[in-house]
Amino acid sequence: MTTYTDLPAAPLPPGHFVSDAPDFLDLARVHHWLSTDAYWALGRSLEKQRAAVAGSLNFGVYEDVPESGGTVRREQRAYARVVTDRATFGWLCDVYVPPEARGRGLAKALLAAVRARMAEFGVRRVLLVTQTAQELFRAVGYEEVEPGKWMILSLE
């Protein structure tokens, strides 16, 4: 299990941390977020999300919420998924921070953790597609690809 808790370039609010630990993932919450609020995944079935998670490296921002009696409840606050061979290539997708958690640095911390993990693997390229968050991704080092270089086979 890798947990990223020291991200000086991407500070998090107190009690928050980023992890790619599979057992931390709240699949029901992630599915709800994506299938009801993410333009690229609207209507995605739980089965489809489960398969996507199983074939990917999954990251989350989590908050340890203190409760009475000294117990702590862990809640997922953001999500990102990387489809990768863990050697040469990664495809960043399903980056999501719910509206109530936006503006707190969660996305930047999440993306810093993805970058660190991909660097550990020696991955040389991480690609993504976005229609709405270009500024966010530019702020953490992504560059737009030259038009005319991308091709896609749509199977819809």
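Asp94 sits in strand β5, which covers residues 89–96. Keep in mind that this is a predicted model. Is Asp94 buried or exposed? With a relative accessible area of 4%, Asp94 counts as buried, because the cut-off for that label is under 20%.

| Side-chain pair | Polar contact |
|---|---|
| Asp94 and Trp40 | 2.7 Å |
| Asp94 and Arg81 | 2.9 Å |

If you skip the neighbours within four places in sequence, Asp94 touches Leu34, Trp40, Arg44, Gln49, Tyr79, Ala80 and Arg81.

Ala80 is a handy link to the next topic. Again leaving out neighbours within four places in sequence, Ala80 has contacts with Leu57, Asn58, Phe59, Leu92, Cys93, Asp94, Val95, Leu110 and Val114. Now for the cores. The largest nonpolar core holds 24 residues, and Ala80 is among those with the most contacts inside it, alongside Phe59, Leu92, Leu110 and Val114. Two or more residues come from each of β3 (57–66), β4 (72–84), β5 and α3. Which element gives the most to this core? That's α3, with 8 residues. There is also a second, separate core of 14 residues, whose members include Leu25, Val30, Tyr62 and Tyr79.

On to α3 itself. The helix runs over residues 106–121, 16 residues in total, and spans 23 Å from first C-alpha to last, close to the 22 Å expected at 1.5 Å a residue. Its buried residues are Leu106, Ala107, Ala109, Leu110, Leu111, Ala113, Val114, Arg117 and Met118. Just after α3 comes Gly122, with a positive phi of about 85°.

Conventions: Residues numbered from 1 in each chain as written. Predicted model: local features only at pLDDT ≥ 70, side-chain atom pairs only at ≥ 80, totals over all residues. Heavy atoms only, no water. Helix = DSSP H or I, 4+ residues; strand = E, 2+ residues; numbered from the N terminus. Expected span 1.5 Å × (residues − 1). Buried < 20%, exposed > 50% of the residue type's maximum accessible area, 1.4 Å probe, protein only. Polar contact = N/O pair within 3.5 Å; in protein donor to acceptor, adjacent residues only side chain to side chain. Contact = heavy atoms within 4.5 Å. Core = buried A, V, L, I, M, F, W, Y, C linked by side-chain atoms within 4.5 Å.
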